[in-house]
Amino acid sequence: MKRIPAKYLTKRVAVTWIDPTGYINSDLKDVDVAECVSEGTLVSVNERRLVLRTAVYRDSEFGDYSAISMGCVEKCVLI
């Protein structure tokens, strides 16, 4: 993925990303990665990872966050 524009910070985004998966005792033909879409407020991004906030307590920085490796990100769009 190319750089995520700085103007996306603090905005609601949808991130399409590839989730590395593990398989145990599986047929090789069934082994693949999984495409995921996560939505939330983009609160941090650097060359290594982005962070989405999906829930937050009022007047606090405590909440639910997802960190996604930039190497797995396929696209990030404003919603």
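Let me start with a definition: a residue is buried under 20% relative accessible area, exposed over 50%, and partly exposed in between, using a 1.4 Å probe and protein chains only. With that in hand, hello everyone, and here is our protein. The model is predicted, so local features need pLDDT of at least 70 and side-chain atom pairs count only at pLDDT 80 or more, while totals for chains, interfaces and linings use all residues. Residues are numbered from 1 along each chain as its sequence is written, and side-chain values use heavy atoms, with hydrogens and water left out.

First, the overall picture. The protein has 5 strands and 0 helices; here strands are DSSP runs of E with at least two residues, helices are runs of H or I with at least four, and both are numbered from the N terminus. Along the sequence, that reads β-β-β-β-β. The C-alpha trace spans about 50 × 30 × 20 Å along its principal axes. The radius of gyration is 15 Å, whereas a compact globule of 79 residues would come out near 12 Å. That value is taken over C-alpha atoms, and the globule rule is 2.2 Å times the number of residues to the power 0.38. Of the 79 residues, 27% are buried.

Now let's walk through the pairing, where two strands pair if DSSP finds at least two bridges between them. Strand 1 (12-19) and strand 2 (34-45) run antiparallel, joined by 8 bridges. Within that pair, tryptophan 17 has cysteine 36 in strand 2 as its bridge partner.

Strand 2 then pairs with strand 3 (residues 49-56), again antiparallel, over 4 bridges. These two form a hairpin with 3 residues between them. Serine 44 is partnered with valine 51 in strand 3, and valine 45 stands opposite leucine 50.

Leucine 50 also stands opposite isoleucine 68 in strand 4. Strand 3 and strand 4 (residues 63-69) are antiparallel too, with 7 bridges. Their hairpin has 6 residues between the strands, and there aspartate 59 takes a positive phi near 60°.

Next, the cysteines. How many disulfides does a search of the whole structure find? The search finds 0, a disulfide being a pair of cysteine sulfur atoms within 2.5 Å. Cysteine 76 counts as buried because its relative accessibility is 7%, and cysteine 72 counts as buried at 18%.

Last stop, the surface. Is leucine 28 buried or exposed? Leucine 28 is exposed, because its relative accessibility is 71%. This leucine sits in the loop between strand 1 and strand 2. Together with Tyr23 and Val31, Leu28 forms a nonpolar surface patch with about 320 Å² of accessible area. Patch members have over 30% relative accessible area and no salt bridge; like charges are joined within 9 Å, and nonpolar side chains (Val, Leu, Ile, Met, Phe, Trp, Tyr) within 5 Å. A salt bridge is a Lys or Arg side-chain nitrogen within 4 Å of an Asp or Glu carboxyl oxygen. Areas come from the Shrake-Rupley method with a 1.4 Å probe, and for residues only the protein chains shown count as cover.
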